[in-house]
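Let's walk through this model together, one question at a time. Have the sequence and the 3D view open as you read.

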Amino acid sequence: MAGKEVLTGVHFMDGDEACCEGAIAAGCRFFAGYPITPATEVAERMSRRLPQIGGIFIQMEDEIASMAAILGASWGGAKAMTSTSGPGFSLMMENIGLGVCTETPCVVANVQRAGPSTGLPTLVGQGDMMQARWGSHGPYEIIALTPSSPQEMFDFTVKAFNLSEQYRVPVFVMADEVVGHMSERVVIPPAERIKVVSRKQPKASPDKYLPYKPDADGVAPMATWGMGYHVHVTGLTHDERGYPVMDASAQEQMIARITGKIKKNAAKIISYDAMFMDDAQVVVVAYGISARSAKGAVAAARAQGQKVGLMKLNTVWPFPEEVIADLAGRVRGLIMPEINQGQVVLELERVAGGRCPVKFIGHPGGTIISPRVILAAAQEMLKEAL
Amino acid sequence: MSAKTAGGAAAAHPPVHPQDHLLRTDRLPHIWCTGCGIGIVFGSLMSAVMKSGLPLNDVAVVSGIGCTGRMAGYIKLDSYHTTHGRALPFATGLKLTRPQGKVIVASGDGDLFAIGGNHFIHAARRNLDLTVICVNNLNYGMTGGQQAPSTPFGAKTTTSPSGSPDQPFNFCALAAACGATYVARWTALHIRLLTQTIGEALAHRGFSFIEILAPCPTAFGRRNKIRNPLDLLRFYYDRSVVKNKISPDQAVMDFQGNLVVGKFVDVAKPTWLDGYRQVNSGQVGEWPEVAAEVPIPEKHLLGA
């Protein structure tokens, strides 16, 4: 078994496989899932890999059960994940809310396909981005990462586990069919060079420990089953003891805690790559596979001497409000390509707040967005801005 | 009690009852109605846990939503009050991550068999090492008395005002058909037998299922002309007939005739984890020349 945890080396693998290796490198030892195109390869590889390293892989009866099982595993002390695509993501929503409310670390990889409903199971989409943000009922904050390559599937899945453990919140790896199925070079570093974060454990004795009393960072230490703390965990609104309290004041305090820990640490959570941004007059803001298309478009524009930049979002949620607001005041226009009818662009428009024009490029799914379309839009916007 | 006035453990009264150390006494009084049968079952469960000798740090209680689901909130163990119907898959993850521990799932018939029905049949099929306590009160009590998968034909509820048109499940037959390896049913008045059965179920290796027919005078009884809690309890008890070891499909609940109670199934079979370990040991043959094996019992948690 030794040496099989982290497959250090250079690989040629697809994004779904790289996601598994990232999870295992981050310490994931429990996977519950249900087959669904185009995420099935994640479950398939996990079913081979986890038994090799003493982990548990279980194929559940549906995605509702898969999501519930990883929450249970997390309270059993394991780092746990599931993977799915649109229809399964819809089924997971209620228990994602339970994970948020009970502050349970876990990771959900959503390899997006085109919807609604069964849609285009084998073809790309980015239509679950707003569902990732708002899909479960009630007020909450969430973290969603958007890989654009198999290498990022590895890197961002490691990061997803770390953020999930650090902030005690379900974290989404919002991939898509193309990123999941394309094979590329993936470099897995030596284990000692992979940063791995694990949840804080309580230092207080069981009679003094308050399960939902946060530390200065807004996050409470987590006492899992078997540690002797006899914690009560509920999806009902609860106080710092974890006890249900049915009133508006307890609700306000709990929501302030579960949203505050993400908002307060947003600057630490948010990640983006700025490319070709020096003197850029028009900036393409993009994520996931559409950031790959955008990169091609921006490189082509620069080759023609046109001042177009790229802001590639590695985290879409929380949305990089401050950075975008600042950018909107300095450029002539922003462009967002998405494989949907306009989702994250709504947030872009809101944050830009009229300081510059925002143009959306999109279609409802089935293929990637051509770099040529983005390039044409950028050139048009440069002309309009003159 | 608001969060501001919460006093934590300090507000709890000093132990005056032998089960107090298993109770979150600072959460009392509980929310169950006068005459409800859940308290009896809860007491029985705590007695069985105490008698089992299980280390309390290794016992977890998982519940779904509903009146019985609130047991998880009152027992002073690691306890998880999950979403409606999803106690079993949550318990699956919890148990498989710490197989050395004992996981009790306590929930109602609506939670386990209506919204959670699919999870129940698969958890039983896998013979997961879980102890499932199902309080059957013939209706949805928490929401005021609606029709449940247990509601007898013709019984009145708020969503079957003229009588339920549905036929109810026989939960014990269902559990056995799905693969449960320990199956029993009692009424809430069979307290000693119930406690003994829960003890056996805790010691059982595999999926154990205990159904308890319990009175719900407030929501069910008053719409069906048995308002008095004791009358309802006695009605169930008087019609009950103990028939141990009979085929669970013969264990029918006929409210005009007999309500069959007893221990119906108690067999040893490999658990899901046994099978997982077996197939991943590299020592399993090629299908179809394979069979799941019951391993030599591990050092048991119970007793010495």
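**Domains, strands and a chain contact**

The C-alpha centres of domain 1 of chain A and domain 2 of chain A lie 26 Å apart, with domain bounds that come from an automatic or database domain assignment. This is a predicted model, in which local features need pLDDT of at least 70, side-chain atom pairs count only at pLDDT 80 or more, and totals for chains, interfaces and linings use all residues. Residues are numbered from 1 along each chain as its sequence is written, while chains are lettered from A and ligands numbered from 1 in the order in which they are written.

Q: Which element gives the largest share of the side of domain 1 of chain A that touches domain 2 of chain A?
A: The contact takes 25 residues from domain 1 of chain A and 22 residues from domain 2 of chain A, where two residues are in contact if their C-beta atoms, placed from the backbone, lie within 7 Å. Elements giving two or more residues to the domain 1 side include strand S6 (120-124), strand S8 (170-176) and helix H7 (177-181) of chain A; helices (H or I, at least four residues) and strands (E, at least two) are DSSP runs, numbered from the N terminus. Helix H5 (129-134) of chain A is also among them. The largest share, 4 residues, comes from H5(A).

Q: How many residues of strand S4 (residues 79-84) of chain A are buried?
A: In a regular strand the side chains alternate between the two faces of the sheet. In S4(A), A:Lys79, A:Met81 and A:Ser83 point one way and A:Ala80, A:Thr82 and A:Thr84 the other way, and all are buried. Buried means 20 or more other C-beta atoms within 10 Å of a residue's own, exposed means 12 or fewer, and partly exposed is in between, with C-beta atoms placed from the backbone. The buried count for S4(A) is 6 of its 6 residues.

Q: Which residue in strand S5 (residues 106-114) of chain A does A:Thr82 stand opposite?
A: Two strands pair if DSSP finds at least two bridges between them. S4(A) and S5(A) run parallel and are joined by 4 bridges. On S5(A), the residue opposite A:Thr82 is A:Val108.

Q: Is A:Gln281 buried, exposed or partly exposed?
A: A:Gln281 sits in the loop between strand S11 (272-275) and strand S12 (282-287) of chain A. A:Lys307 is 26 residues away from A:Gln281 in sequence, yet their C-alpha atoms are 5.5 Å apart in space. Because A:Gln281 has 18 C-beta neighbours inside 10 Å, its class is partly exposed.

Q: Which element gives the largest share of the side of chain B that touches chain A?
A: This contact takes 35 residues from chain B and 45 residues from chain A. Strand S2 (78-81), helix H3 (87-97) and helix H5 (117-125) of chain B are the elements that give two or more residues to the chain B side. The largest share, 8 residues, comes from H3(B).

Q: Which residue in S2(B) is the bridge partner of A:Val233?
A: Strand S10 (residues 232-234) of chain A and S2(B) run parallel, with 3 bridges joining them. Within S2(B), the bridge partner of A:Val233 is B:Tyr80.
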